[in-house]
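Subject: Structure handover

Hello,

Here is the structure you are taking over. Please open it first, then read the notes that follow.

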Amino acid sequence: MHCAIQNVEVLDGAHLMQILWQDGAQSFYPAVWLRDNCQCSDCYLHSAKARKLLLEALDVNISIKGLTFDRKRVQITWPNEHCSDFEADWLKKRCFSQQAREKLQRELFLPECQYWGSELQIPTLDFEDVLRNDKRAYMWLSSLKKVGIVRLTGASDKRGELLKLGKRIGFLYLTFYGHTWQVQDKIDANNVAYTTGKLSFHTDYPALHHPPGVRLDDKGQVVRINFNNATRDTIFDVPVEKVQPFYAALKEFVDLMNCKESKFTFKMNPGDVITFDNWRLLHGRRSYEAGTEISRHLEGAYADWDVVMSRLRILMQSVQNSA
């Protein structure tokens, strides 16, 4: 981004700054926001990218005493003679217009979502390529964010491969099973996954942070599902007259999940790593028979979306810089 300033004015009794850009666009910046975000060394610790100015010291009714500008920067003088310098590109990126704010949201949070059903073609990448190549790693995480599921092929069919993938992201999520966990049928299993039976569609750890349920945004769109039939508690905190209607609604929801248009079925091969969004996809498996010659062994792990999104932004910057 290389922005050029054409003109700068103060408005609203010096409580607002207006910039007219060389391309004809205009931006408005409240004086209190400008003072709060002064980038000088007294107000901002650049080595930590953190604000030093305390909110207790901020005058929320502050006005601009004076300003100077050229094509590339604006300098503001405040009533106490403190000075703040702002670069044109920095200001443009933080424009308060609806269009600019939406653009920044797209860049920071990558909200694009691809919807699919039984026709899904799983995005597939090579496991070793993802570990060694930033562009491939970016394709992996950006596809995971957009589609919700990505298959990585070519991993070794032995324990420990997920730890490598965790290091590629940053670190894995620690649960009481450890950083990774092993899915094999066991006698006296402490998890229904460690049996040979069918697992219905579910999310993992639905009650770890939020209660089970479906969350919708202000547009009525589903943004997260927490549901695991095996771990639904016997304690049910609803009025008695709402119990049967709840079961009827839940049964209808499960029937909807199981309709053929909404589910995608595939078989994993040795060395496959399936990465998916546990907040978006419900997953399950068919039952199988335990054998003495062939055993089913799956290793699993979790990563936090905060860690994934941080790595994704770093990879995006790396790919853009190398283009």
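**What was found**

Please keep in mind that this is a predicted model. β10 itself covers residues 149-153, and four of its five residues are buried, so that the strand is mostly covered.

Strand β9 (residues 124-126) also pairs with β10, here through three bridges and in the parallel sense. Leu152 of β10 turns up again in this pairing, where Leu125 stands opposite Leu152.

Taken together, these strands form an open sheet of three strands in the order β9-β10-β15, and the pairing is mixed. β9 and β15 are the edge strands, each pairing on one side only. On average, neighbouring strands in this sheet are turned by 25 degrees against each other, with direction ignored. Helix α5 packs on the sheet and touches β9, β10 and β15. The direction of α5 makes about 145 degrees with that of β10.

**The helix pair**

α5 (residues 134-147) also meets helix α8 (residues 305-322): their axes come within 9 Å and cross at roughly 135 degrees. How do α5 and α8 lie to each other? Angles from 65 to 115 degrees count as roughly perpendicular and those over 145 as roughly antiparallel; α5 and α8 are therefore oblique to each other. The crossing of α5 past α8 is left-handed.

The residues that make the contact are as follows.

- From α5: Asp134, Lys135, Ala137, Tyr138, Leu141, Ser142, Leu144 and Lys145.
- From α8: Trp305, Val308, Met309, Arg311, Leu312, Leu315, Met316, Ser318 and Val319.

By type, the residues of this contact divide into 11 nonpolar, two polar and four charged.

**A second sheet**

Another open sheet of three strands has the order β1-β2-β3, with antiparallel pairing. Which strands stand at the edges of this sheet? They are β1 (5-11) and β3 (26-30); each has a single partner strand, so one side of each is left without a neighbour in the sheet. Neighbouring strands here are turned by 20 degrees against each other on average, direction again ignored.

The pairing of β1 with strand β2 (residues 16-21) is antiparallel and runs over six bridges.

β11 is joined to strand β17 (residues 298-301) by four bridges, and the two run antiparallel. The bridge partner of Trp181 in β17 is Gly300.

Regards

Technical notes. Residues numbered from 1 in each chain as written. Predicted model: local features only at pLDDT ≥ 70, side-chain atom pairs only at ≥ 80, totals over all residues. Heavy atoms only, no water. Buried < 20%, exposed > 50% of the residue type's maximum accessible area, 1.4 Å probe, protein only. Pairing = 2+ DSSP bridges. Axes fitted to C-alpha atoms, helices over the stretch in contact; angles between N-to-C directions. Parallel < 35°, antiparallel > 145°, perpendicular 65-115°, else oblique. Left-handed = near helix turned anticlockwise from the far one by under 90°. Contact = heavy atoms within 4.5 Å. Nonpolar A, V, L, I, M, F, W, Y, C, P; charged D, E, K, R; others polar.
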